[in-house]
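Trainee: I would like to take a close look at a single part of this model, following one element and the contacts around it. Could you walk me through it once the structure is up?

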Amino acid sequence: MRAHVLPGQFVAFMMLLSGCTPLTPAVLQTPAPAPRTTITTLDNTGSICILKLDPASKELSGYWRAEGGCFSSSCTRIEDQRLSIARGETDLDLRFDAHVKLTESRAPSVPCSADCMGSGYVPFTITNVIVGERYSIWLGSQKRGEFLVPRVFPEQGTRLTCFQ
């Protein structure tokens with residue numbers, strides 16, 4: 001004896017085999033692009049800026065700012081930054097050694113600020129400076145200039161000079 005399967009019974013039988021759910025077409029999903037990450041190391045680049053001099057404590061203060069491109073403050077993370085200052089062959093040689101390691105992540109759909117302020121900034125203070133003396137300013141192995149410690153002091157908050 002032969003069994004006859006009616007068309008409706010065949011469909012019901014197939015639905016039973018497939019878990020009783022009708023088949024739907026698969027929706028292809030495009031994965032979101034991963035953020036682009038760049039690691040940058042800047043050694044002995046940038047500017048040494050002298051901001052103020054306190055004649056009472058004989059302290060010179062300022063900052064080092066790394067340079068080597070425009071690094072957005074909203075997309076750049078400072079992984080490591082250091083600044084050391086040593087006296088050279090004479091006490092009148094100020095030798096700065098600077099390092100910063102940056103990780104910049106740019107997501108394709110998220111804009112980064114265009115402020116270029118994410119490259120690194122380290123304040124410093126130098127003690128025992130002598131008024132009226134001329135100091136040589138070094139960044140790494142390059143002499144950047146000379147700084148004459150003034151006998152007459154400018155107004156508070158005035159930047160004295162920067163060495164590029």
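In what sense do strand S2 (residues 47-54) and S3 pair, and over how many bridges?

Mentor: Bearing in mind that this is a predicted model, strand S2 (residues 47-54) and S3 pair in the antiparallel sense, over 7 bridges. One of the residue pairs to look for is serine 47, whose bridge partner in S3 is arginine 65. The hairpin of S2 and S3 has 4 residues between the strands, and in this hairpin lysine 58 takes a positive phi near 60°.

S3 is also joined to strand S6 (residues 121-126) by 6 bridges, and these two strands again run antiparallel. Here glycine 62 has phenylalanine 124 of S6 as its bridge partner.

Because phenylalanine 96 lies in strand S5 (residues 93-106) and phenylalanine 124 in strand S6, the pair ties together parts that are 28 residues apart in sequence. Phenylalanine 96 and phenylalanine 124 are both buried.

A further ring contact involves arginine 95, whose charged end sits over the ring of tryptophan 138, 3.9 Å from the centre of that ring.

Note on methods: Residues numbered from 1 in each chain as written. Predicted model: local features only at pLDDT ≥ 70, side-chain atom pairs only at ≥ 80, totals over all residues. Heavy atoms only, no water. Pairing = 2+ DSSP bridges. Buried < 20%, exposed > 50% of the residue type's maximum accessible area, 1.4 Å probe, protein only. Lys NZ or Arg CZ within 6 Å of the ring centre and 35° of its normal.
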